[in-house]
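Please read the following briefing alongside the sequence and the coordinates. It treats side-chain packing, aromatic pairs, a helix crossing and backbone torsions in turn.

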Amino acid sequence: QAAHLIRLGELERCVVVGPVAHLSPMAIQAFDAIGALGGHDYADKPEQASRPFDNDRNGFIYGQASGALILESLSSCEKRQRPPLGYIGGAGIFLDATTSPGPSADGEAQAMRRAMDSAQIEAADIDTINAHATASHAGDTAELEAIHSVFGESAKGLCVQATKGLIGHTLWAAGVIESVAVLIQMQQSFRHPNLNLASPMRDDVGFAPAIATEGAPQIVLSNSFGFGGINTSIVITKSRERNSP
């Protein structure tokens with residue numbers, strides 16, 4: 001929404017904040033009751049508890065973090081003489097409008113396609129996906145199905161990474177935090193690992209390895225999916241070639 005308003009000329013710059021999620025004991029129990037909260041099998045080895053895309057995953061691990069991004073027009077950057085850290089190439093939203101917490105692979109795929117259409121790029125242009133990847137049974141299954149439906153055979157050549165495997169699920173801050181993670185990787189020329197991915201769920205999708213690798217991601221699709229069928233995806237690029245002002 002911030003990028004949209006800047007492109008329309010309504011704003012020069014906007015601060016986008018992902019506030020910290022501090023859950024009450026009742027909220028934590030509610031997540032546990034619906035089977036979303038993980039860690040039950042890893043009480044004696046908590047460092048292995050967050051396992052996105054692994055066959056032994058058993059729910060998300062609650063993390064706490066907050067972050068903020070400053071989005072601004074290119075002319076604003078030039079006035080301030082500050083080089084951009086990256087660019088929002090495009091964004092896609094697709095609402096399934098359901099009361100169920102269950103994810104929809106079709107809705108997630110639609111959000112990814114809309115983001116790429118907005119950025120005027122093809123699936124072949126994407127080199128990295130920063131996945132929503134909560135490590136829930138249904139969520140990870142649906143997301144991988146969506147990725148494969150969008151990318152087809154080329155999905156195996158992707159670098160699909162899960163920031164939540166490093167820091168847990170920061171809930172409503174997650175989209176901003178994961179965008180920050182993408183920008184750090186672009187600036188420092190590496191891709192972060194997928195921790196605890198010992199037994200990948202699929203062999204027709206390419207995952208980031210267990211250790212960090214060299215090389216900056218160039219064009220990244222970053223996914224954030226929520227209860228109620230709220231499916232969003234954004235394209236973040238390292239260079240401005242494919243990005244409108």
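**Briefing on the predicted model**

With a relative accessibility of 2%, Ala 162 counts as buried, where buried means under 20% relative accessible area, exposed over 50% and partly exposed in between (1.4 Å probe, protein chains only). This is a predicted model, in which local features need pLDDT of at least 70 and side-chain atom pairs count only at pLDDT 80 or more, while totals for chains, interfaces and linings use all residues. Residues are numbered from 1 along each chain as its sequence is written, and side-chain values use heavy atoms, with hydrogens and water left out.

**Surroundings of Ala 162**

- Ala 162 is placed in the loop between strand S5 (159-161) and helix H6 (164-167); helices (H or I, at least four residues) and strands (E, at least two) are DSSP runs, numbered from the N terminus.
- When residues up to four places away in sequence are not counted, Ala 162 touches Pro 52, Phe 53, Ala 133, His 192 and Asn 194, contact meaning heavy atoms within 4.5 Å.
- From C-alpha to C-alpha, Ala 162 and Ala 208 are 8.4 Å apart in space, and they are 46 residues apart in sequence.

**Aromatic pairs**

- Three aromatic pairs are found in a search of the whole structure; rings of Phe, Tyr and Trp (its six-membered ring) pair if their centres lie within 6.5 Å, and planes under 30 degrees apart count as stacked, over 60 as edge-to-face and the rest as tilted.
- Phe 31 and Phe 227 form a tilted pair, with 6.3 Å from centre to centre and 55 degrees between the planes.
- Because Phe 31 lies in helix H2 (residues 25-33) and Phe 227 in the loop between strand S8 (219-226) and strand S9 (230-237), this pair ties together parts that are 196 residues apart in sequence.
- Phe 31 is buried at 18% relative accessibility, whereas Phe 227 is partly exposed, with a relative accessible area of 46%.
- The rings of Phe 53 and Phe 207 have centres 5.4 Å apart and planes at 40 degrees, so this pair is also tilted.
- Phe 53 lies in the loop between H2 and strand S2 (67-72) and Phe 207 in the loop between strand S6 (190-191) and strand S7 (213-214), so the pair ties together parts that are 154 residues apart in sequence.
- Phe 53 counts as buried at 0% relative accessibility, and Phe 207 is likewise buried, with a relative accessible area of 17%.
- One aromatic cluster is formed by Phe 31, Phe 60 and Phe 227.

**Crossing of H4 and H5**

- The axes of H4 and helix H5 (residues 137-151) come within 8 Å and cross at roughly 45 degrees; axes are lines fitted to C-alpha atoms, for helices over the stretch in contact, and angles run from 0 to 180 degrees between N-to-C directions.
- H4 and H5 are therefore oblique to each other, since angles under 35 degrees count as roughly parallel, over 145 as roughly antiparallel, 65 to 115 as roughly perpendicular and the rest as oblique.
- The crossing in which H4 passes H5 is right-handed; a crossing is left-handed if the near helix is turned anticlockwise from the far one by less than a right angle, and right-handed if clockwise.
- Among the residues that make the contact are Ala 105, Met 112 and Met 116 of H4, and Ala 142, Ile 147 and Phe 151 of H5.
- The residues of the contact of H4 with H5 divide into nine nonpolar, one polar and four charged, where Ala, Val, Leu, Ile, Met, Phe, Trp, Tyr, Cys and Pro count as nonpolar, Asp, Glu, Lys and Arg as charged, and the others, Gly among them, as polar.

**Positive phi outside glycine**

- Gln 120, although not a glycine, has a positive phi of about 60 degrees; Gln 120 is located in the loop between helix H4 (105-119) and strand S4 (128-130), and is exposed, with a relative accessible area of 72%.
- Asn 196, a residue other than glycine, also has a positive phi, near 65 degrees; Asn 196 lies in the loop between S6 and S7 and counts as buried at 19% relative accessibility.

**Surroundings of Ile 6**

- Ile 6 has its place in helix H1 (residues 2-7) and is buried, with a relative accessible area of 9%.
- Ile 6 and Ser 73 are 67 residues apart in sequence, yet 6.3 Å apart in space, C-alpha to C-alpha.
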